[in-house]
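I opened this notebook to record what I looked up in one structure. The entries follow the order in which I consulted the model.

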Amino acid sequence: MPPMLWLLLQVVAPALGFYFSISCPSGNQCRQALLSGNDILLYCNSSGARWYYLFTRGEKGTFTSLTNISNMEIMPEGSLLIKDPLPSQTGLYHCWNKNDRQVVQYEIDFQDVTILHVTHKGLGQRPLQNETLHLGGKELIFTRWEPWQDCNHCEEPGERKRLGYCYIEERLEEAMPCWLYLGDVQVWSSRLRPELQVEACHVPCSNNTQLKMNYVIFDNFSLDEETEFVWLNCPLGSIYRPVNWRANDTPLTWESQLSGRDFTTFLDPSTGGRQLQVFQPAIYRCFVQQELVAQFSPAANPETLEAQWRENEAQWREARKAPQGRADSVLKGLKLVLLVGIVLALLGALLKFMHPSPGRKSKQVLMVK
């Protein structure tokens, strides 16, 4: 992706101020499995809060302040934003108020998204099966599934996904997320991995919108000359939310990708489809929770524009050299072509301002050229 486009994407998303968050009742300790590489907000309702951590993977240590970790930021209201979390940042997170009293504690297992096991029900692909791990006993490795997310489209066929986290259960003990259980114990097993499952869905549209935001237009993206592709990043998209992409109003589905039928685009499983790799120019639109949030328009090819200009110039020269009667006919034809071109251009501009999501209304708020 061109540096300027990537920069603008990074600026717009925080400005919209919307991160996927988890919360825990005040005074409690909560345990949660999450995925690495996907931003998360740990909620703590205490202005001026201080956060401390203890990473449980690797070398043991003591609780340390979070002020010097580059991908973590304490928000003004007290919550902790973790951008692109690493598996090595699995551990304990404590929020303390100004009076040095603990407000909330999180035990977080950031499971490695790069080894995510992806399946589609409609293709007959099966999730991972339970296995036994031998660490001095018979520990059971299994997947604990989250609820299905909402369908990513309405009125027309869509898809929905759910996340499954790796858990280990010891006899007569409460099951724990795998790497909170293992800590710094070095174990290799192909079963120790999180999962993503997709299935088809078809739901009616609703007027209840959760994002209530306007959409953004990113204009003039182009494919990289060397790699011949570009990554598009859907603002507000997340592996924890329903995301839907369309190329020239054609839906891009997990089913087409996982079946090997579509090679023109690639939905990144590690981001839940938030990032899209494209190999040919088109108008790409992304929807989050069934709502249009961004449109990406390709830049015009300079060589194509130059060839079109030369062709038009040649036609005008031919018209000037032709006999008067023939010239009039040619000029009328050219005027008609020009009129049609203007009408098509106006229609194209009008389409940019139309909201293609059924049952939704939005306005564009930014155009990036």
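**Entry 1. Terms and conventions.** I take two strands as paired if DSSP finds at least two bridges between them. Helices (H or I, at least four residues) and strands (E, at least two) are DSSP runs, numbered from the N terminus. I note that this is a predicted model, in which local features need pLDDT of at least 70 and side-chain atom pairs count only at pLDDT 80 or more, while totals for chains, interfaces and linings use all residues. Residues are numbered from 1 along each chain as its sequence is written, and side-chain values use heavy atoms, with hydrogens and water left out.

**Entry 2. Confidence.** I looked up pLDDT, the predictor's confidence in each residue, from 0 to 100. The protein chain has an average of 81, and 73% of the residues reach at least 70. Over residues 1-17 the pLDDT stays under 50. For that stretch I found 28 contacts (heavy atoms within 4.5 Å) beyond four places in sequence. Residues 349-369 also have a pLDDT below 50, and the model gives this stretch 54 contacts beyond near neighbours in sequence. Where pLDDT is low, the predicted coordinates should not be read in detail.

**Entry 3. The mixed sheet.** I traced an open sheet of 5 strands, ordered β2-β9-β8-β4-β5, with mixed pairing. Which strands stand at its edges? They are β2 (29-35) and β5 (64-65); each has a single partner strand, so one side of each is left without a neighbour in the sheet. I then followed β4 (residues 50-55), which pairs with β8 (residues 91-96) in the antiparallel sense over 6 bridges. Within this pair, Y53 stands opposite Y93 of β8, and F55 has G91 of β8 as its bridge partner. Strand β4 is also joined to β5 by 2 bridges, again with an antiparallel run. There, the bridge partner of Y53 is T64 in β5. Strands of a sheet pair through backbone hydrogen bonds, either parallel or antiparallel.

**Entry 4. A threonine in a loop.** I looked up T90, which is placed in the loop between β7 (80-82) and β8. Is T90 buried or exposed? I class residues by relative accessible area: buried is under 20%, exposed is over 50%, and partly exposed is in between (1.4 Å probe, protein chains only). T90 has a relative accessible area of 0% and is therefore buried. Its side chain reaches the backbone nitrogen of F110 at 2.9 Å.

**Entry 5. The antiparallel sheet.** I found an open sheet of 3 strands in the order β17-β21-β20, with antiparallel pairing. Its edge strands are β17 (230-233) and β20 (265-267), each pairing on one side only. From one strand to the next the twist averages 25°; axes are lines fitted to C-alpha atoms, for helices over the stretch in contact, and angles run from 0 to 180 degrees between N-to-C directions. Strands β20 and β21 (residues 275-278) pair in the antiparallel sense over 3 bridges, and L267 stands opposite L276 in β21.

**Entry 6. Disulfides.** How many disulfides does the structure hold? I counted a pair of cysteine sulfur atoms within 2.5 Å as a disulfide, and the structure holds 6. With the bonded cysteines numbered in sequence order, the pairing in the protein chain is 1-2, 3-4, 5-9, 6-10, 7-8, 11-12. I examined several of the links in turn.

- C24 and C30 form a disulfide with sulfur atoms 1.9 Å apart. The link is right-handed, with 80° about the S-S bond, and both C24 and C30 are buried.
- C154 and C205 form a disulfide with sulfur atoms 2.0 Å apart. The torsion about their S-S bond is about 80°, so this disulfide is right-handed. C154 lies in the loop between β12 (139-145) and β13 (158-169) and C205 in the loop between β15 (195-201) and β16 (215-221), so the pair ties together parts that are 51 residues apart in sequence. C154 counts as buried at 1% relative accessibility, whereas C205 counts as partly exposed at 23%.
- C234 and C286 form a disulfide with sulfur atoms 2.3 Å apart. The link is right-handed, with 85° about the S-S bond. C234 is in the loop between β17 and β18 (243-247) and C286 in strand β22 (residues 284-288), and the pair links distant parts of the chain, 52 residues apart. Both C234 and C286 are buried.

Technical notes. Polar contact = N/O pair within 3.5 Å; in protein donor to acceptor, adjacent residues only side chain to side chain.
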